[in-house]
Structures are given as C-alpha cells and as structure tokens.
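This report describes the side-chain links, the nonpolar cores and the surface of the structure shown below. The account begins with salt bridges and then turns to disulfides and packing.

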Amino acid sequence: MGLKKLLVALCCLALISPFLFPSTEALMRMALKRRALDCDTLNAMRIGRKLELDREARNPLQSRYGSPDPDVVYLKDYLGAQYYGEISIGTPPQKFSVIFDTGSSNLWVPSSKCLFSIPCYFHSKYSARKSKTYTAIGKSCHIKYGSGSISGFFSQDDVQVGDQLVKDQIFIEATREGSISFLLAKFDGIFGLGFQEISVGNATPVWYNMVEQELVKDPVFSFWLNRDTTAEVGGELVFGGVDEKHYKGKHTYVTLTEKGYWQFDMGDFLIGNYSTGFCDGGCAAIVDSGTSLLAGPTHVVTEINHAIGAEGVISNECKDIVAQYGDMIWDLLVAGVDPNKVCSQLNLCTVQNSAGIESVVERENEKDVSSLNPLFCTACQMTVVWIRNQLREEVTKESVLNYVNKLCNSLPSPNQESVIDCDSIPLLPNVTFTIANKAFNLTPEQYIMKTGEGFATVCLSGFMAFDVAPPRGPLWILGDIFMGAYHTVFDYGNLQLGFAEAA
C-alpha cells in the first residue's frame with residue numbers, strides 16, 4: 001500500500017477533411033520539453049496530495065466541467081504534466097516556461113508583486129516596470145482548481161510565441177499561488193489554448209490574437225508529443241498548420257459539439273474486442289493537452305482495471321449489492337425495466353439520483369443525509385450497467401453475477417492509483433476509442449506508464465476514474481497518452497479536431 005500511495009498524484013475525435021495546410025516554411029514551431037517521471041517527482045506529488053487533498057479535490061474534474069460559473073475554470077494538478085515550452089513577455093523579453101493547455105484559455109505567469117506566496121520565489125516572475133510595452137489594467141481575478149487556487153490581476157503586454165510577436169495581449173499576473181503543485185512544478189505558468197467561452201474575465205486568448213493579427217497563415221495548430229522517453233526532443237506544437245513528418249496517413253476529422261473545451265462526440269469504447277457498451281449511444285469527450293492520463297467513467301475504468309490486472313480498492317458496498325440485489329437486478333433488466341429506474345425501484349436510489357452514476361470518489365466521504373446510502377446507490381448503478389452489458393452475451397445469470405462480483409475488486413480507489421505488473425504488459429489487451437466511426441487503438445505499451453529502472457521500475461495504468469452526471473456527462477478526457485499515439489490537429493477555423501497515427 002505504501003508504494004501505491006506514493007503514486008497517488010499521477011492524476012497530479014467525421015470524415016476525412018479536405019482541409020489544405022500551409023507549407024512547412026509557413027509554420028510557427030514551438031519546441032516542447034518533456035519531463036521524465038522519476039522517484040523524486042513521485043515523492044513530490046505524494047507530498048502535494050497529502051497536504052492538499054480535500055473533498056473538492058477528490059473529484060476535481062466534476063467541479064471543472066460541471067461548474068455553472070463562467071469565471072471559474074478548474075486548473076488541473078499540473079504537477080504530473082510532462083510537456084512544456086518557452087515564451088517571453090514584454091520588451092525586452094522576459095522568458096517563461098509554460099504548459100500549453102487546450103483545457104483552459106487564460107495565459108498567466110507569476111508576478112514580481114507576488115511577495116507572500118512561496119511558489120513564486122522558485123519561478124521566473126514578470127516585472128512590469130522592466131517592460132517598455134506594458135499597459136496597466138489592474139482588474140483582479142481569481143481562478144479556482146481542484147486542490148487550490150491562484151489570484152492576481154490582469155495586465156497587457158506583448159507576448160513572443162516562437163518567432164512571432166503577439167501585440168497587446170491581456171494576461172494574468174499571479175500574485176498568489178495557493179497550491180504546492182506550483183511550488184514543485186518545472187514550469188512557471190499556463191498558456192491556455194481553449195476557447196474564449198471558458199476564459200476567466202472573458203480575456204481574449206493568445207491564440208485568438210495570433211489569428212486576428214494574421215500571425216499564422218491558417219487558423220490551425222497541432223500537437224506532436226514524442227513518447228520516446230530516451231529522445232532529446234519532447235515534442236512540437238505547430239501554429240498555422242501541421243508538419244507532415246509528425247504523422248502517418250490522413251487525419252480523421254470530427255466536428256466539435258461545444259465551444260469552450262475542445263469537445264466532440266465519441267462512440268463505443270472497447271477492451272480487446274469486447275464492447276463496454278457504455279458509449280455505444282455516444283459519449284462526450286474532450287482533448288486536453290494539460291492532462292497526462294486518460295479519464296473516464298468509474299465503472300468503465302473498473303472494467304479496464306479488471307482486464308489488465310490493476311489493483312484497485314475492494315468495495316464492500318459493491319459486493320453487498322451483488323449478493324443481496326444481483327438476482328433482482330437481473331430479473332428487472334430481463335423484464336425490460338428502464339435501466340435508469342432499476343435502482344430506484346429497489347429503493348437504493350432516489351428518483352433524481354437514478355438518472356446517472358454518482359462518483360464513488362465524490363461520495364466516499366459524504367455523510368448520508370437521507371435514509372438511502374449513497375454508496376449503495378452508486379454501487380447499484382454500476383451493477384446495473386455491468387449486468388446490462390453482459391446480457392448482450394449468451395451467458396448464465398450465475399456467471400454474470402460472478403463476473404460482476406470480481407469487478408467489485410477492481411474499483412479504483414479514491415486516490416486513483418492503479419499499479420500494474422510490468423511483466424504482464426505483453427499479455428494485456430488493446431483498448432479502442434471509436435471516433436467518427438473509426439477505431440483508434442491504444443496498445444498496452446501506450447496506455448501504461450513506466451517510471452524507474454531495473455528493480456525500481458514501476459508500471460502504472462494510464463486510466464483514471466471520474467464521473468460527470470447527465471446532461472454534461474458521461475465524459476471522457478483524452479490527455480497526453482492519447483495525443484502521444486495520435487497526432488492531433490486543432491482546427492479553429494472549421495471547429496473540428498483531426499487525428500492521425502503519430503510518426
């Protein structure tokens with residue numbers, strides 16, 4: 001258990017488009033640096049989680065994607081992020097290392113006026129008085145995220161991105177960084193590449209100004225993330241188009257369903273050749289370069305854990321539901337009862353809660369405010385999904401309930417850690433995301449992360465569990481693991497995403 005706790009914070013896309021890209025000479029390139037996972041980093045993440053973990057942080061993605069407040073944007077625990085690059089602000093230029101994040105929209109860096117926040121003393125700080133192109137704004141802002149927040153104020157200055165100068169860019173000078181994550185991070189700030197709809201203070205994102213000021217030939221940017229940990233080059237972010245050397249074949253494009261995050265509709269998710277059945281009617285998904293892992297619904301990640309032998313936490317509530325109500329759930333589903341109403345008919349969920357799966361992580365420490373146990377409700381909802389999926393196969397009730405009981409042993413723990421036997425990697429199944437009716441496979445070597453060498457090697461599942469209730473969810477987040485396998489085009493002009501096998 002000690003090793004598992006050490007690893008807790010790792011949680012720390014339609015037709016082939018005829019879009020024409022510019023020649024490579026017209027592209028703006030940003031070299032990306034990659035930080036390897038090592039024991040020191042894992043220790044730092046463990047310490048950060050130990051000091052800052054609270055109930056809100058236990059389900060940070062829900063608070064991020066479910067918040068009705070347009071000025072509250074969840075900033076991930078960027079401590080686990082592996083890719084970052086360099087920009088400069090002001091005249092003469094002041095350099096900063098930043099995470100290029102498609103999951104947020106603001107640019108912020110530490111301010112020279114950040115005097116009472118320890119993280120600021122360990123990173124480059126922007127000094128307005130040293131810049132001849134600085135314009136004061138001064139409006140204060142506050143950005144919340146899962147395990148803390150940053151505060152500061154808006155300023156305006158020129159921003160150098162690659163070899164192009166973005167004039168009069170509004171950004172945030174952070175005067176307080178309330179998370180140990182930023183103390184331990186290798187980067188100074190965040191460069192948001194999401195849409196203005198989720199920008200705090202409705203500030204115009206840097207990318208919008210790059211397009212408006214005609215600094216790029218086409219309103220497109222693309223990511224190539226090098227997953228070869230031995231390579232000197234960590235990856236490349238290309239503004240204005242794509243580099244053909246970064247991918248194989250053609251891109252498959254899918255239209256965005258919402259502006260804010262880079263969100264689209266995804267089809268079924270498969271483990272090996274086995275359909276989980278959960279997304280065959282469609283699921284929302286976003287591509288997020290600021291997230292290292294792959295995040296999906298708890299019960300699907302549980303099936304993944306079971307299939308790959310990942311160690312989870314044993315859920316007594318889950319086993320109790322299978323033992324006491326398994327037969328009745330089977331009978332109700334066979335009789336054609338609406339799956340969304342099964343648990344309420346068994347008096348395990350309220351009518352409101354029966355519409356969507358509640359988060360195990362979120363519910364674990366909540367006190368029961370009614371006669372119904374919320375953990376039993378969650379366990380019942382997941383059992384319904386698992387049994388319903390098995391009903392598609394010609395299997396017996398006994399075998400199905402036995403299988404579901406085993407799945408209870410693979411439920412992810414609240415801290416999301418999942419350790420894999422490194423020797424079993426060649427025997428593990430592929431997983432498949434269906435995007436624009438096309439299968440996008442990930443091999444075990446691609447969805448499992450390794451850290452350390454020799455006897456100290458540790459293998460970790462690249463999946464983390466979270467739940468977002470309808471209508472916003474279910475939701476998948478495809479982070480760096482997916483983007484490393486598939487070169488990704490962010491087509492701002494046509495509001496679409498493109499994926500092709502990375503070269």
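In this predicted model, Asp 327 and Lys 397 meet through their side chains in a salt bridge, at 3.7 Å from N to O. Asp 327 belongs to helix 8 (residues 316–334) and Lys 397 to helix 12 (residues 397–408), so the pair ties together parts that are 70 residues apart in sequence. Asp 327 counts as partly exposed because its relative accessibility is 42%, and Lys 397 counts as partly exposed at 25%.

Lys 397 also forms a salt bridge with Asp 331, where the closest N and O atoms are 3.3 Å apart. This pair again links distant parts of the chain, with Asp 331 in helix 8 and Lys 397 in helix 12, 66 residues apart. Asp 331 is partly exposed, with a relative accessibility of 41%.

Elsewhere, salt bridges that share partners join Arg 29, Glu 236, Asp 243 and Lys 245 into one network. The structure holds 8 salt bridges. One of them is formed by Lys 259 and Glu 197, whose closest N and O atoms are 3.7 Å apart. Lys 259 is partly exposed at 41% relative accessibility, and Glu 197 is partly exposed with a relative accessible area of 43%.

**Disulfides**

A search of the whole structure finds 6 disulfides. With bonded cysteines counted along the chain, their pattern is 1-2, 3-4, 5-10, 6-9, 7-8, 11-12.

| Disulfide | S to S distance |
|---|---|
| Cys 114 and Cys 120 | 2.0 Å |
| Cys 343 and Cys 380 | 2.1 Å |
| Cys 422 and Cys 459 | 2.0 Å |

The link of Cys 114 and Cys 120 is right-handed, with 80° about the S-S bond. Both Cys 114 and Cys 120 are buried.

For Cys 343 and Cys 380, the torsion about the S-S bond is about -100°, so this disulfide is left-handed. Cys 343 lies in helix 9 (residues 339–345) and Cys 380 in helix 11 (residues 374–390), so the bond ties together parts that are 37 residues apart in sequence. Cys 343 counts as buried at 3% relative accessibility, and Cys 380 is buried with a relative accessible area of 0%.

The disulfide of Cys 422 and Cys 459 is right-handed, because the torsion about its S-S bond is about 120°. The pair links distant parts of the chain, 37 residues apart: Cys 422 is in the loop between strand 17 (419–420) and strand 18 (431–435), and Cys 459 is in strand 21 (residues 458–461). Cys 422 is partly exposed, with a relative accessible area of 22%, whereas Cys 459 is buried at 1%.

In soluble globular proteins, nonpolar side chains tend to be buried together. The largest nonpolar core of this model has 85 residues, and those with the most contacts inside it are Phe 239, Phe 433, Ile 435 and Trp 476. Strand 15 (residues 283–287) gives the most to this core, with 5 residues. Leaving aside residues up to four places away in sequence, Phe 433 touches several aromatic residues, including Phe 269, Phe 440, Phe 463, Trp 476 and Phe 482. The contacts of Phe 433 also include the charged residues Asp 268 and Lys 438. A second, separate core of 27 residues includes Val 337, Trp 386, Leu 401 and Val 404.

Helix 7 (residues 298–308) is largely enclosed by the rest of the structure, because 9 of its 11 residues are buried. Gly 309 follows helix 7 and has a positive phi, near 75°.

**A nonpolar surface patch**

Leu 115, Phe 116, Ile 118, Tyr 121 and Phe 122 form a nonpolar patch on the surface, with about 660 Å² of accessible area together. Phe 116 is found in the loop between strand 4 (107–110) and strand 5 (135–145), and Phe 116 counts as exposed at 81% relative accessibility.

How values were computed
Residues are numbered from 1 along each chain as its sequence is written. Side-chain values use heavy atoms; hydrogens and water are left out. A disulfide is a pair of cysteine sulfur atoms within 2.5 Å. Buried means under 20% relative accessible area, exposed over 50%, partly exposed in between (1.4 Å probe, protein chains only). Helices (H or I, at least four residues) and strands (E, at least two) are DSSP runs, numbered from the N terminus. A nonpolar core is a set of buried Ala, Val, Leu, Ile, Met, Phe, Trp, Tyr and Cys residues joined through side-chain atoms within 4.5 Å. Contact means heavy atoms within 4.5 Å. Patches are made of residues with over 30% relative accessible area and no salt bridge: like charges are joined within 9 Å, nonpolar side chains (Val, Leu, Ile, Met, Phe, Trp, Tyr) within 5 Å. Accessible areas come from the Shrake-Rupley method with a 1.4 Å probe; for residues, only the protein chains shown count as cover. A salt bridge is a side-chain nitrogen of Lys or Arg within 4 Å of a carboxyl oxygen of Asp or Glu.
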